[in-house]
Amino acid sequence: MSTGQWMTPSEGAAWFFDAGAESLDFAYTGALADERLHSPEDLAGWLAEHLAHPAPEVGERDLADALILREALARLHLAAADHTPFAPDDIDTLNLFAATPDIPPALAGGRRQAGAGRIRVAQALSTLAREAVASLAVRDEGRIRRCAADDCRLVFRDESRTNSRRWCSMQRCGNRAKVRAHRERERAARS
Ligand SMILES: [Zn+2]
């Protein structure tokens, strides 16, 4: 799985946001950002791209299920970042999705082409849910945090070895903070 996706704000340039976890990226397809899953085809495309499998067949019912999982993922990650309790209903929703079979791991090099087969939506959603279960279960490690910029506060999962990520994106908030600090230093030097 490869994390991250382009964000296209109504104002300003598109920028790449790597939330650090597929399940959290999924929450940023709408629940925590502007809606980008308008149709079953949108969901099929997103899952294919992010789970590196041929697009599953997606119906309206699947889309509705996915959005239920997405809402729960969003609220659970916000709670983890803000150190508030998880809602039991959200935990039940997450566990329900995680209980179905996920996309099985496959070793390449056999006679059958591993991982080439179509997946079902339920498998894809289970994979996202299981990732979130593993990550949210260790919320006390403090890796699920908000961007340090006061006017941003996007939630990410810090995957760095040193657990020292501060920004949603170095190119966006990180850079802005650097510019601000530079200006302040110059001002201090002048006065
Ligand atoms: Zn930010």
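**Stop one: an aspartate in a loop**

Select Asp-158 and Arg-165: the backbone nitrogen of Arg-165 sits 2.8 Å from a polar atom of the Asp-158 side chain. Before you go on, note that this is a predicted model, where local features need pLDDT of at least 70, side-chain atom pairs count only at pLDDT 80 or more, and totals for chains, interfaces and linings use all residues. Residues are numbered from 1 along each chain as its sequence is written, and side-chain values use heavy atoms, with hydrogens and water left out.

Asp-158 is in the loop between E4 and H6 (helices, H or I, at least four residues, and strands, E, at least two, are DSSP runs numbered from the N terminus). Buried or exposed? Asp-158 counts as buried because its relative accessibility is 1% (buried is under 20% relative accessible area, with a 1.4 Å probe and protein chains only).

**Stop two: the core**

Next, pick Phe-17, Phe-26 and Leu-43, which touch the most other members of the 47-residue largest nonpolar core (buried Ala, Val, Leu, Ile, Met, Phe, Trp, Tyr and Cys joined through side-chain atoms within 4.5 Å). H3 gives this core its largest share, 8 residues.

Note on methods: Buried < 20%, exposed > 50% of the residue type's maximum accessible area, 1.4 Å probe, protein only. Polar contact = N/O pair within 3.5 Å; in protein donor to acceptor, adjacent residues only side chain to side chain.
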